[in-house]
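Here are my notes for your read-through. Keep the model open beside them and check each point as you go.

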Amino acid sequence: MVVGGGLIGLTTALVLRHHGVDVTLVEKRATTSPQPKARRFNMRSLEVFREIGLAATVHEAARDLAQHDHMATGRTLAEAEQLPLWRPPGSGASMEVSPELPCLVAQDVLEPVLRAAAEGAGVDVRFNTPLRSFTQDADGVVAELDGARLRAAYLVGADGAHSTVRTALGISRSGRGAIGEPNVNVYFRADLADVVRGREFNICQLDHPEAPGALVSVDGRTRWVFMAPGDEVDRDWSTLLRIALGVPAPDLEILSALAWQPEMRVADRYSQGRVHLAGDAAHVMPPFAASGANTGIVDAHNLGWKLAAVLSGAATPELLDSYDTERRPAGWFAADQSSRRSRDLAAAPDPTLAHPFVLAAGGFQYPAGAFVGGPAEGGEVEPVTEFAPAGRVGTRIPHRWLDADRTSSTVDIGGPGWALAVADDPRRWQDNGLPVHRLDVDFLRAGEGLLLRPDDVVAWRGTDPSAPAAVQEKLLHP
Ligand SMILES: Cc1cc2nc3c(=O)[nH]c(=O)nc-3n(C[C@H](O)[C@H](O)[C@H](O)COP(=O)(O)OP(=O)(O)OC[C@H]3O[C@@H](n4cnc5c(N)ncnc54)[C@H](O)[C@@H]3O)c2cc1C
């Protein structure tokens with residue numbers, strides 16, 4: 001059972017269905033989010049959608065903002081100019097880093113796409129259905145819904161920052177707390193297509209002294225969010241917005257004005273018994289590195305295969321302990337990095353921060369977890385301030401194209417099952433009972449093999465062809 005029909009609850013349900021698990025999802029609201037909130041979905045998130053057959057649908061939903069990669073600055077929108085497209089050092093095109101490009105798609109556009117996909121995949125999706133309380137014992141979880149009781153083997157709390165599930169479990173959170181100043185997000189409608197044509201932007205920083213703030217493209221034509229400093233919601237936003245825009249905007253209509261505070265808070269436990277937290281229920285972070293939802297999507301990918309393995313009897317429940325061991329440090333890392341990012345679009349990047357692709361392409365290395373020979377056991381450590389994936393244990397396999405047409409990637413090898421990627425004769429590795437892929441790639445040394453988990457994470461690397469089956473057995477039955 002998944003609680004919460006936001007981005008992460010829906011993605012968790014989709015990943016579980018992909019692994020053949022029967023899922024019920026309950027959402028207290030009648031509809032998906034009316035607010036645009038998250039818009040930047042990174043390469044790793046698109047790789048997760050690729051695995052479950054949804055990447056093309058998500059890119060299609062993202063077509064409105066396809067040309068909106070630039071940032072812009074100016075006193076008013078009328079005077080604003082695009083900044084040159086910033087590319088991380090040494091990166092080349094992102095196609096070389098991932099089989100998928102990142103995309104910009106507003107959360108209120110993406111959530112209905114995921115909801116339809118979940119319903120189509122056979123998830124029992126119940127909106128208008130709040131979870132009121134739950135109990136758990138050794139056999140399962142009993143959830144109290146309005147007028148109904150639902151029994152499930154496991155419960156995933158993907159119920160957002162104010163998580164009912166986390167609160168009921170008494171799980172505390174740590175972190176830097178409130179970061180910087182509060183903001184008011186003014187969501188409005190105005191036909192500005194002609195004003196921005198040729199200067200399209202993702203975010204435009206406006207510094208008019210009477211109406212400073214950041215203008216965010218929601219569809220790039222008629223829907224926008226103006227992020228203004230302060231916490232005063234009841235202001236004459238129509239007048240202030242027209243000053244910031246520098247154009248009359250006769251059709252301007254305010255849709256909502258909501259105050260919010262950037263925060264960093266990470267749950268002190270991601271799992272308790274048969275209940276697991278994912279997404280904002282587990283971690284909240286300032287949006288300036290666009291990592292909140294993206295981190296939650298990888299939570300869903302990590303938790304999904306583990307729950308499926310336990311439910312099918314392929315693994316013992318102790319495998320699920322690795323969800324907290326792996327994803328809590330990952331959540332902390334993303335939240336900490338997000339807290340240290342500047343919101344000033346023109347500021348020079350801070351070289352002490354993680355390389356952006358480490359956040360965006362799944363470059364975070366789990367220190368410990370369901371793998372053998374990771375950093376906690378003296379294994380090779382992945383750098384953070386540069387992006388140099390090399391198939392180290394505890395990281396996602398590096399992307400390399402496997403065919404001249406660039407349709408198939410090393411990232412496609414894992415999932416939904418385990419697999420072996422080997423440097424030479426595949427017959428040597430066949431006794432492990434896993435699909436064996438011979439790869440001619442720079443990160444595999446002669447004679448070496450990589451054991452890949454269903455979430456593309458390297459679980460072991462070595463030259464002993466008899467080792468992978470034993471390692472897999474040990475990881476599934478810790
Ligand atoms: C201004 C802004 C910009 C952002 N930009 C980005 C970005 O570019 N990229 C990015 O990755 N992230 C971004 N984020 C963060 C992102 O919006 C969140 O991380 C994301 O929405 C978290 O999704 P979630 O599903 O975990 O939680 P939510 O979206 O909060 O969904 C939780 C759901 O659970 C439901 N629920 C709660 N309690 C119950 C209950 N008792 N029973 C049933 N249902 C319940 C709620 O109604 C809700 O639908 C941004 C956030 C903000 C505020």
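**Notes on the predicted model**

1. V165 is buried, with a relative accessible area of 0%. Buried means under 20% relative accessible area, exposed means over 50%, and partly exposed lies in between (1.4 Å probe, protein chains only). V165 sits in helix 5, residues 164–169. Helices (H or I, at least four residues) and strands (E, at least two) are DSSP runs, numbered from the N terminus. From the C-alpha of V165 to that of D336 is 24 Å, and the two residues are 171 apart along the chain.

2. A word on the basis. This is a predicted model: local features need pLDDT of at least 70, side-chain atom pairs count only at pLDDT 80 or more, and totals for chains, interfaces and linings use all residues. Residues are numbered from 1 along each chain as its sequence is written, and side-chain values use heavy atoms, with hydrogens and water left out.

3. Now the ligand. Its shell holds 30 residues, and the closest are E27, Q107, L131, D280 and A293. By type, the shell splits into 11 nonpolar, 11 polar and eight charged residues. Here Ala, Val, Leu, Ile, Met, Phe, Trp, Tyr, Cys and Pro count as nonpolar, Asp, Glu, Lys and Arg as charged, and the others, Gly among them, as polar.

4. Which atoms of E27, K28 and G292 lie by the ligand? In E27, a side-chain N or O atom is 2.6 Å from a ligand oxygen. In K28, a backbone N or O atom is 3.1 Å from a ligand nitrogen. In G292, a backbone N or O atom is 3.5 Å from a ligand oxygen. Alone, the ligand would expose 1000 Å², and the protein buries 89% of that. These areas come from the Shrake-Rupley method with a 1.4 Å probe.

5. Look at helix 8 next. Helix 1 (7–18) and helix 8 (292–311) each give at least two residues to the ligand shell. Helix 8 supplies the largest share, three residues. Helix 8 is also mostly covered, with 19 of its 20 residues buried. Its first and last C-alpha atoms are 28 Å apart, close to the 28 Å expected at 1.5 Å a residue. That expected span is 1.5 Å times one less than the number of residues. After helix 8 comes G313, with a positive phi near 90°.

6. Six strands make an open sheet, in the order 7-2-1-11-20-19, with mixed pairing. Two strands pair if DSSP finds at least two bridges between them. Strand 7 (124–126) and strand 19 (271–272) are at the edges with a single partner each, so one side of each has no neighbour in the sheet. Strand 2 (residues 24–26) and strand 7 are parallel, with three bridges. One of the bridge pairs is T24 with D124.

7. A three-strand open sheet has the order 12-18-21 and antiparallel pairing. Strand 12 (173–178) and strand 21 (283–284) are its edges, each pairing on one side only. Strand 12 and strand 18 (residues 263–267) share four bridges. G177 has M264 as its bridge partner.

8. Last, a hairpin. Strand 24 (residues 449–452) and strand 25 run antiparallel, joined by four bridges. L450 stands opposite R461. Five residues lie between the strands, and D456 of this hairpin has a positive phi near 70°. Is strand 25 (residues 458–462) mostly covered or mostly uncovered? Mostly covered: five of its five residues are buried.

Key. Near = heavy atom within 4 Å. Polar contact = N/O pair within 3.5 Å; in protein donor to acceptor, adjacent residues only side chain to side chain.
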